[in-house]
Amino acid sequence: MTDTVRLVSLATATPEHVIFQNQAAEASARLFAGRFEDFHHLARVFDTAGIYKRHAARPLAWFDEPHGWQDRMQAYAEVAGALFVEAATSALRRAGLEAGDVDCVVTVSSTGFTTPSLDAQLSRRMGFRTDIERVPVFGLGCAAGVSGFAIAARLARSRPGAVVLFVSIELCTLAFRLDELTRPNIIATALFGDGAAACVLRASEGGLAEVESTGEHLFPDTLDIMGWKIDDGGFGIVLAQSLPPFAERELAPAVTAILARNGLELTDIDRFICHPGGTKVLAAMESALSLTSGTLDHERAVLAEYGNMSSPTVLFVLERAIRAGLPERSAMIAMGPGFSASCVTLRRTA
């Protein structure tokens, strides 16, 4: 039995409700313009974010009213559960497997939680075995699409032949706050959407791609760049203006170090598959990685159609890259709270 881990299948899912960017801009103006002095200056972000629409856990009218933890987490349990089932079932079907074949499930999410965790809540509905191993991971934010994928790959490598299901779910819109009259909250209303993705990984032959290497980099003294502040009303976003210049300055050295630990260099990568945090972040990543402006085309297309969904977004990009045809070697990259960078390199299998 081989210990080479393969990405066997990939599937994505989104909630039914769609919010177009012009609708989000109009709603935000209605809710904030009369209460937040700098709103009209910040409102330009709706035009410059590169987003046409996004999917949401609740219809637009839901956000006109204040919501506390109970409302938010009830919505999370309901919609995240449905997306988990949809994405995971589709990924398993594409792999020619059933839920009863899964040996381990890794679930990442930072926009809500249930206890017991979603994988346990949905175990009977999915048809998981009673001896399934569950690894729920919270708090990795936007980086979790790559770092969670890496965790799943390492688990698959440790048990050749075992079926590892990786599920990434985020309902970013549930963190919308009427009471947060801050720049980050306004920007969040222009950027974030909801979605899920699932992958089947296995140490076996075939598959869509070989998982070649994984690695992470944690930047010291950067806790204020991105994250949640948590209070009685729910999550409140922490998002520093310094993120794009930080990415432009620090990403390449971090990714270079990750690759070097695996015997690789930046020039060995034929295609970077990046988490599209926003247009400014994408431009910073292209600059940092010495890519021609506009190179990250799949990233911009996903951002336009879905917004920044946090962790699953990079997997939506990967799906498009696979559809277009992966080059010999690609590298998935995402940055997230910590502040951190995660990288996984993939080799084409066919």
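**View 1. In α11, H298, E299, A301, V302, E305 and Y306 meet T313, F316, V317, R320, A321 and A324 of α12.** Contact here means heavy atoms within 4.5 Å. This is a predicted model, so local features need pLDDT of at least 70 and side-chain atom pairs count only at pLDDT 80 or more, while totals for chains, interfaces and linings use all residues. Residues are numbered from 1 along each chain as its sequence is written, and side-chain values use heavy atoms, with hydrogens and water left out. Sorted by class, the α11–α12 contact has seven nonpolar, two polar and three charged residues (Ala, Val, Leu, Ile, Met, Phe, Trp, Tyr, Cys and Pro count as nonpolar, Asp, Glu, Lys and Arg as charged, and the others, Gly among them, as polar). The axes of α11 (residues 297–306) and α12 (residues 313–324) come within 9 Å and cross at roughly 125°; axes are lines fitted to C-alpha atoms, for helices over the stretch in contact, with angles from 0 to 180 degrees between N-to-C directions. The two helices are therefore oblique to each other (under 35 degrees is roughly parallel, over 145 roughly antiparallel, 65 to 115 roughly perpendicular, the rest oblique). Helices (H or I, at least four residues) and strands (E, at least two) are DSSP runs, numbered from the N terminus.

**View 2. S310 sits in the loop between α11 and α12.** Its phi is near 65°, a positive value in a residue other than glycine. At 6% relative accessibility, S310 counts as buried (buried is under 20% relative accessible area, exposed over 50%, partly exposed in between, with a 1.4 Å probe and protein chains only).

**View 3. D221 is another non-glycine residue with positive phi, near 60°.** Look for D221 in the loop between β8 (209–218) and β9 (226–231). At 81% relative accessibility, D221 counts as exposed.

**View 4. Helix α9 (residues 243–261) and helix α10 (residues 279–288) have axes that come within 8 Å and cross at roughly 25°.** That makes α9 roughly parallel to α10. On the α9 side the contact uses L243, P244, A247, E248, L251 and A252, and on the α10 side K280, V281, A284, M285, S287 and A288. By class, that gives nine nonpolar, one polar and two charged residues.

**View 5. F246 and F339 pair edge-to-face, 5.5 Å centre to centre with 85° between the planes.** Rings of Phe, Tyr and Trp (its six-membered ring) pair if their centres lie within 6.5 Å; planes under 30 degrees apart are stacked, over 60 edge-to-face and the rest tilted. F246 lies in α9 and F339 in the loop between β12 (329–336) and β13 (340–348), so the pair ties together parts 93 residues apart in sequence. F246 is buried at 9% relative accessible area, and F339 is buried at 1%.

**View 6. Helix α1 (residues 21–32) and helix α8 (residues 183–191) have axes that come within 9 Å and cross at roughly 155°.** That makes α1 roughly antiparallel to α8. Q21, A24, S28 and F32 of α1 meet N185, I186, T189 and A190 of α8. The contact divides into four nonpolar, four polar and no charged residues.
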